[in-house]
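Biologist: Could you put the model up and talk me through it?

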Amino acid sequence: MSITLTEAAAVRIKAFLDNRGSGVGLRLGIKTTGCSGMAYVIEFADEIDDADKVFEDKGVSVLVDPKSLIYLDGTELDYTKEGLNEGFKFNNPNVKDSCGCGESFTV
Amino acid sequence: MALLQISEPGQTAAPHQRKLAVGIDLGTTNSLVATVRSGTAETLPDTQGAHLLPSVVRYQKDALPQVGKIARQSAVTDPRNTISSVKRFMGRGLADICNGSAAIEYEFADGESAVPRIRTVAGDISPVEISAEILKTLKLRAEESLGDELTAAVITVPAYFDDAQRQSTKDAAHLAGLNVLRLLNEPTAAAVAYGLDKGSEGVHVVYDLGGGTFDISILRLNRGVFEVMSTAGNTALGGDDFDRAIAQWLLEQAGLDQAGLSAGQMRALLIESCRAKEALTDAETVEITLTDIEAGTQIWQGEFSREQLHVLIDPMIRQTLSACRRALRDADIESADIEDVVMVGGSTRTPRVRELIGDFFQCQPRVDIDPDKVVATGAAIQADILVGNKPDNEMLLLDVIPLSLGLETMGGLVEKVINRNTTIPSAKAQDFTTYKDGQTALAVHIVQGERELVSDCRSLARFELRGIPPMTAGAARIRVTFQVDADGLLSVTAREQISGVESTVQVKPSFGLTDNEIETMLRDSIDHAEGDVAARMLREQQVDADRILESVESAIAADGQLLASEEHARIEQAMASLRELRDHGDAQQVKQAVQALNEASTDFAARRMDAGIQSAMTGHKIDEF
């Protein structure tokens, strides 16, 4: 089981957490909604749940609940720019198909 | 693949449901757009990496208008069609403008309309349309940066803007296709950017020295609400005047006469002056070389020091200080009462400005956020909260309803629809119904206050909803919606859900109320709290009593033959005791009497129902139903 961060993503997450002033790390997950079945959750985490699996990468704690981990295992989180737009991107090997915009996906 | 941002815990939106909100600083000289991404507020740059969009629009024949830097460059060559500082004209009539100096810069179209229109090659254009072009450019930039359509925006306006100027700004946003959540005062936005709204209550000063305008605002934070205590300023004083003073000095040093310079040469001189001023922010002295851009020869070379700069600009900074003094006097406070001084506007980068302001207010001015970006940043934070990207407990209270708004129900009771201290804008709906059989109209009486009885509250407006189809009491569904917009304007709409008939009224709840009156109304509600509740409960029971008395009476009149005489007497007795207690008993007694009558008449009601069904069915075949 693994979740990793690119250098760019780690730098950004640390900066955003610092700016927020509180939080124990970053929570990644999936929820079953959206036009193509599932959608990513990316949130600040204020506490670690007992069931959470915690991945430490490049100084950032990434929290994933066990149910989401099945769909996220092996994912690398990246931070990229596309033109003026910028944000986080999931490089998820489990994804078979995603909707046109990529906001939701199926495995 | 869409690019994602980090949300607050539990606030992740469903795909395609992300709420993108921006804050826009629509400035006289420059405009900016900012948003909150992954919890961080930041201004958005264009493709060249420039955050500031010059508020300049150039109209062309048979082509789309140019906006920003490219338009500003043509200001010299095409002055009549290149419009800058349009903010000065917003919400102003032609007469106001002609009294100012702007009239000489542009050609205004004659027309009977009060709205001034500037004559350009692309036709006559109103200030609202020009502002809309700037907003459209920022909207486009934001949508490219966020990868989706904008949900809403918060736009900032000077604290001294009047209703007409605010309305024009809203109109411009509407024209640009922006959904405006709220207009926010610029100084309030700056204070929000520094998080002063989360800090202690107190008095804050926002010192805003831009390119061409100067504003000072004194704000008081009171229970999360920023109240503008006073404003002062000078609409013709800014960093550009610093540049002109330096240019004048350079001309003297070089032994030149301004009259002998072409527009292009003067412009080059001003640009050099501005560069020198900015260089002195970090350096003690700066080398200046003046060259004749047309002949390509060197005119003058010399050194420009900080001391010399201070000699030139101190008189102008002192002018701003006298405005500060005036604002303090208007707000009736001492400079010692000030908690923070927030610096806004590019000209506050000049160290001398910071120094003199710090001395004047006896404190260290806040300069950590880029003074050009601070207003847009604050607007973005506000927009993010208003659009609902933050947990509810982080809701900022910026403007609230001072007194509850409600309406009169049967028996002179107040049903509060919007409670006091609700943040605006706000909308709430409540369903009401008819009280009597066949009732076709409903009178809506809107009241304001904290008391339980209408007679103790302030009446705001009355209107009637007519055309309700006749139905039995309680069958009609009338939805009354109270909506208070960001400017505190209340509109109340009553709509019968089945027939769709609708009626509406607009009022300004704060109209004519002073702070003292509001305070008195609040204090009364606390003083009378216990008595009010008792009065309310009694009144509710009385209304209930009237309702049951009336329906039993009409039932006896219609179907009295169904009653055995003994039963009839029992009901009459219960009615008599209820009538007696209704006028002289307390709420509890009335309630018991209502129950007694209810029990006494239950059998009768059941028999009426049976008889009613029987008579309806008599003479019909079963399959007709």
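This is a predicted model: local features need pLDDT of at least 70, side-chain atom pairs count only at pLDDT 80 or more; totals for chains, interfaces and linings use all residues.

Modeller: Here we go through the two chains in turn, with the confidence scores at the start.

Biologist: How many helices and strands are in chain A?

Modeller: Chain A has two helices and nine strands, and reading along its sequence gives the pattern β-α-β-β-β-β-α-β-β-β-β. Chain A has 107 residues, of which 36% count as buried.

Biologist: And what does chain B hold, in helices and strands?

Modeller: In chain B there are 14 helices and 25 strands, and 38% of its 625 residues count as buried.

Biologist: What share of the contacts joins residues at least 24 apart in chain B?

Modeller: In chain B, if you take the contacts between residues at least 6 apart in sequence, 67% join residues at least 24 apart. For chain A, 56% of the contacts with a separation of 6 or more are between residues 24 or more positions apart.

Biologist: Switching to sheets, in what order do β19, β18, β21 and β22 of chain B sit?

Modeller: Those four strands form an open sheet in the order β19-β18-β21-β22 (chain B), and the pairing is antiparallel. The edge strands are β19 (413-418) and β22 of chain B, each of which pairs on one side only. From one strand to the next, the twist averages 30 degrees.

Biologist: How many bridges join β18(B) to β21(B)?

Modeller: Three bridges connect strand β18 (residues 405-409) of chain B with strand β21 (residues 441-448) of chain B, and the two run antiparallel. Within that pairing, L407(B) is opposite I446(B) in β21(B).

Biologist: And on to β22(B), how many bridges are there from β21(B)?

Modeller: Eight bridges join β21(B) to strand β22 (residues 458-466) of chain B, again with the strands running antiparallel. A443(B) has E464(B) in β22(B) as its bridge partner, while H445(B) is partnered in β22(B) by R462(B).

Biologist: Now the helices: at what angle do α12(B) and α13(B) pack?

Modeller: Helix α12 (residues 529-559) and helix α13 (residues 565-584) of chain B pack at an angle of about 150 degrees, and their axes are 11 Å apart. Angles over 145 degrees count as roughly antiparallel, and α12(B) and α13(B) are therefore roughly antiparallel to each other. Their crossing is left-handed.

Biologist: Which residues of α12(B) and α13(B) meet?

Modeller: From α12(B), Q542(B), A545(B), L549(B) and V552(B) take part, and they meet I571(B), M575(B), L578(B), R579(B) and R582(B) in α13(B).

Biologist: Why would residues three or four places apart in a helix point the same way?

Modeller: An α-helix has 3.6 residues a turn, so residues with that spacing point the same way.

Biologist: One more helix, then: is α5 of chain B mostly covered or uncovered?

Modeller: Helix α5 (residues 186-193) of chain B is mostly covered, with eight of its eight residues buried. The buried residues are E186(B), P187(B), T188(B), A189(B), A190(B), A191(B), V192(B) and A193(B).

Biologist: What follows α5(B)?

Modeller: α5(B) is followed by G195(B), and the phi of G195(B) is positive, near 70 degrees.

Terms used: Residues are numbered from 1 along each chain as its sequence is written. Chains are lettered from A and ligands numbered from 1 in the order in which they are written. A residue is buried if 20 or more other C-beta atoms lie within 10 Å of its own, exposed if 12 or fewer, and partly exposed in between; C-beta atoms are placed from the backbone. Two strands pair if DSSP finds at least two bridges between them. Axes are lines fitted to C-alpha atoms, for helices over the stretch in contact, and angles run from 0 to 180 degrees between N-to-C directions. Angles under 35 degrees count as roughly parallel, over 145 as roughly antiparallel, 65 to 115 as roughly perpendicular and the rest as oblique. A crossing is left-handed if the near helix is turned anticlockwise from the far one by less than a right angle, and right-handed if clockwise. Two residues are in contact if their C-beta atoms, placed from the backbone, lie within 7 Å.
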